[in-house]
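These are my notes from an afternoon of looking things up in one structure. I wrote down each item as I came to it.

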Amino acid sequence: MKLYTKRHIVISSIISFVLTAGIFTAVFVSCVKKNSEENKENNQSSSVSGVQAETVSSSQDDIFEFQENPSSVVPVSNSSDYTQDEQQNINVYNQCNEAVVNINTQVVAYDWFLEPYVQDGGSGSGSIIDKRGYILTNVHVIQDATKIYVSLYDGTQYEAKVVGQDLDSDLAVIKFDPPAGMDLKTIAFGSSSALKVGQKVIAIGNPFGMERTMTTGIVSGLGRPIQNSNKRIIRNMIQTDTAINPGNSGGPLLDTKGRMVGINTMIMSSSGSSAGVGFAVPSETAIRVVSDLIKYGKVQRGTIDATMIQLNASIAQYAGLDVSSGILISEIEKGGNAEKAGLKGGTKAAYYGSRRSIIYLGGDVITKIDNIKIESLADYYSALESKKPGEQVTVVVRRNKKDVTIKLTLSE
């Protein structure tokens with residue numbers, strides 16, 4: 001083994017330190033020199049790029065997007081790509097919005113001295129269904145109006161008149177006279193019987209006076225019996241979560257092909273604004289009603305030739321009946337269809353209501369018409385709403401505490 005003195009170790013350490021310092025110095029000088037040359041080249045390149053960018057900026061109006069690499073300049077695209085759903089909405093709106101009108105009315109009011117004066121009434125929406133100027137809307141939109149005005153998509157306004165209205169369906173047809181040469185856009189009817197829950201639907205209307213507003217949603221339910229503001233039950237109503245607000249009444253509910261499958265009529269809401277529960281009269285009902293309104297000014301419905309009284313607990317108790325709801329037949333028209341079918345009217349006179357009216361007790365109580373349960377006058381009118389004169393219906397009556405089934409042909 002070779003031994004080293006303390007002196008040898010000190011000299012060896014000094015030599016190692018000097019050699020190491022020399023190597024680090026050489027490497028450092030080399031790096032500084034290399035970085036200096038690279039910085040010089042980059043400065044020249046940046047100067048050139050800056051001139052080019054300035055030149056492009058001064059010669060073009062495009063907006064540029066600068067990425068991490070400053071030498072890569074990419075123009076931002078101005079083109080818009082739509083999803084299939086968006087394009088569908090756009091197509092329906094472009095196809096139908098010009099056929100949706102804004103309806104405003106004037107009504108007669110009375111001051112403190114009972115002097116009449118004219119004031120603004122309600123407002124709503126309507127759909128042009130015929131190029132001659134026929135418009136479909138709701139009864140409650142034009143009810144009690146002395147003047148009716150329709151505003152088209154281009155802002156022009158025309159006075160309209162009532163062609164016919166039907167309380168049982170809350171549908172009305174009004175008409176204005178378009179100027180010669182005006183080519184009106186119209187909305188075609190679709191099939192409400194083919195609707196499915198979950199199907200997309202679109203509403204166009206004038207909520208809160210904002211013209212031709214579009215909202216979308218789905219069919220939330222079908223076949224809903226809903227009582228309208230005129231206390232009539234409309235059967236087979238379409239329920240939708242499409243936003244419907246005041247001013248949408250009378251406007252179209254459309255499928256994705258732009259066909260009218262319903263007429264927006266009412267909402268169910270505690271606040272008076274849309275809560276996602278809206279209802280539309282089905283197009284099947286509208287087609288039948290509109291045809292009669294244009295042709296006759298009213299809807300031709302079948303009826304039973306008898307005087308009807310809505311039964312209640314007081315009348316039932318007084319008359320000794322075992323049912324407390326239904327329609328009591330007070331009187332039968334001589335020679336009418338009720339008499340021919342064998343229905344029985346009352347024979348015992350009694351005061352009714354304010355003791356100014358007399359009804360007759362002891363007659364039949366109608367409880368069903370064509371398997372539709374009849375508990376009120378609203379149910380009675382609703383059951384006959386789609387029936388034409390000459391059609392036969394099956395009537396179930398309560399007579400002497402027994403159910404009796406009678407076939408009856410409706411009269412006009």
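Is valine 108 buried or exposed, or partly exposed? I looked up its relative accessible area, which is 37%, so valine 108 counts as partly exposed. I note here that the model is predicted.

**Entry: the nonpolar patch**

I stayed with valine 108 and found that it lies in strand 3, residues 100-110. I then looked for a surface patch that includes this residue. Val108, Tyr110, Leu114 and Val118 make a nonpolar surface patch of about 430 Å². The cut-off for a patch member is over 30% relative accessible area, and valine 108 has 37%.

**Entry: strand 14**

Next I asked how many of the residues of strand 14 are buried. I found five of the five, in residues 278-282, so this strand is largely enclosed by the rest of the structure.

I then looked up the pairing partners of strand 14. Strand 11, residues 233-240, pairs with strand 14 in the antiparallel sense, over three bridges. Here I noted that glutamine 239 has phenylalanine 279 of strand 14 as its bridge partner. Strand 13, residues 260-267, also runs antiparallel to strand 14, and five bridges join the two. In strand 14, alanine 280 is the residue that stands opposite asparagine 264.

**Entry: salt bridges**

How many salt bridges does a search of the whole structure find? The search gives 20. I looked at some of them one by one.

In one of them, the side chains of lysine 185 and glutamate 98 meet at 3.3 Å, N to O. This pair links distant parts of the chain, 87 residues apart. Lysine 185 is in the loop between strand 8 (171-175) and strand 9 (200-205), while glutamate 98 is in the loop between helix 2 (84-96) and strand 3. I checked how exposed the two partners are. Lysine 185 is partly exposed at 39% relative accessibility, and glutamate 98 is partly exposed at 24%.

Another salt bridge joins the side chains of arginine 288 and glutamate 385, at 3.0 Å, N to O. Arginine 288 is in helix 4 (residues 283-296) and glutamate 385 is in the loop between helix 7 (377-384) and strand 21 (392-399), so this pair ties together parts that are 97 residues apart in sequence. Glutamate 385 has a relative accessible area of 12%. The cut-off for buried is under 20%, so glutamate 385 counts as buried.

I also looked up glutamate 375, which forms a salt bridge with lysine 373, with the closest N and O atoms 3.3 Å apart. Glutamate 375 is partly exposed at 36% relative accessibility, whereas lysine 373 is exposed at 54%.

**Entry: charges and rings**

The charged end of arginine 232 sits over the ring of tyrosine 381, 4.8 Å from the ring centre. I found lysine 175 in a like position: its charged end sits over the ring of tyrosine 134, 5.6 Å from the centre. I also looked up aromatic pairs, and the count is two.

**Entry: positive phi values**

I then looked for positive phi values in residues other than glycine. One is aspartate 170, with phi near 60 degrees. Aspartate 170 is in the loop between strand 7 (157-166) and strand 8, and it is buried at 1% relative accessibility. Another is lysine 401, with phi near 65 degrees. Lysine 401 is in the loop between strand 21 and strand 22, and it is exposed at 56% relative accessibility.

**Entry: glutamate 412**

Where is glutamate 412? I found it in the segment after strand 22 (402-409). Its relative accessibility is 68%, so glutamate 412 counts as exposed.

How values were computed:
Residues numbered from 1 in each chain as written. Predicted model: local features only at pLDDT ≥ 70, side-chain atom pairs only at ≥ 80, totals over all residues. Heavy atoms only, no water. Buried < 20%, exposed > 50% of the residue type's maximum accessible area, 1.4 Å probe, protein only. Helix = DSSP H or I, 4+ residues; strand = E, 2+ residues; numbered from the N terminus. Pairing = 2+ DSSP bridges. Patch = residues over 30% accessible without salt bridge, like charges linked within 9 Å, V, L, I, M, F, W, Y side chains within 5 Å. Areas by Shrake-Rupley, 256 points an atom, 1.4 Å probe, with all protein chains shown as cover. Salt bridge = Lys/Arg side-chain N within 4 Å of Asp/Glu carboxyl O. Phe/Tyr/Trp six-rings, centres within 6.5 Å; stacked < 30°, edge-to-face > 60°. Lys NZ or Arg CZ within 6 Å of the ring centre and 35° of its normal.
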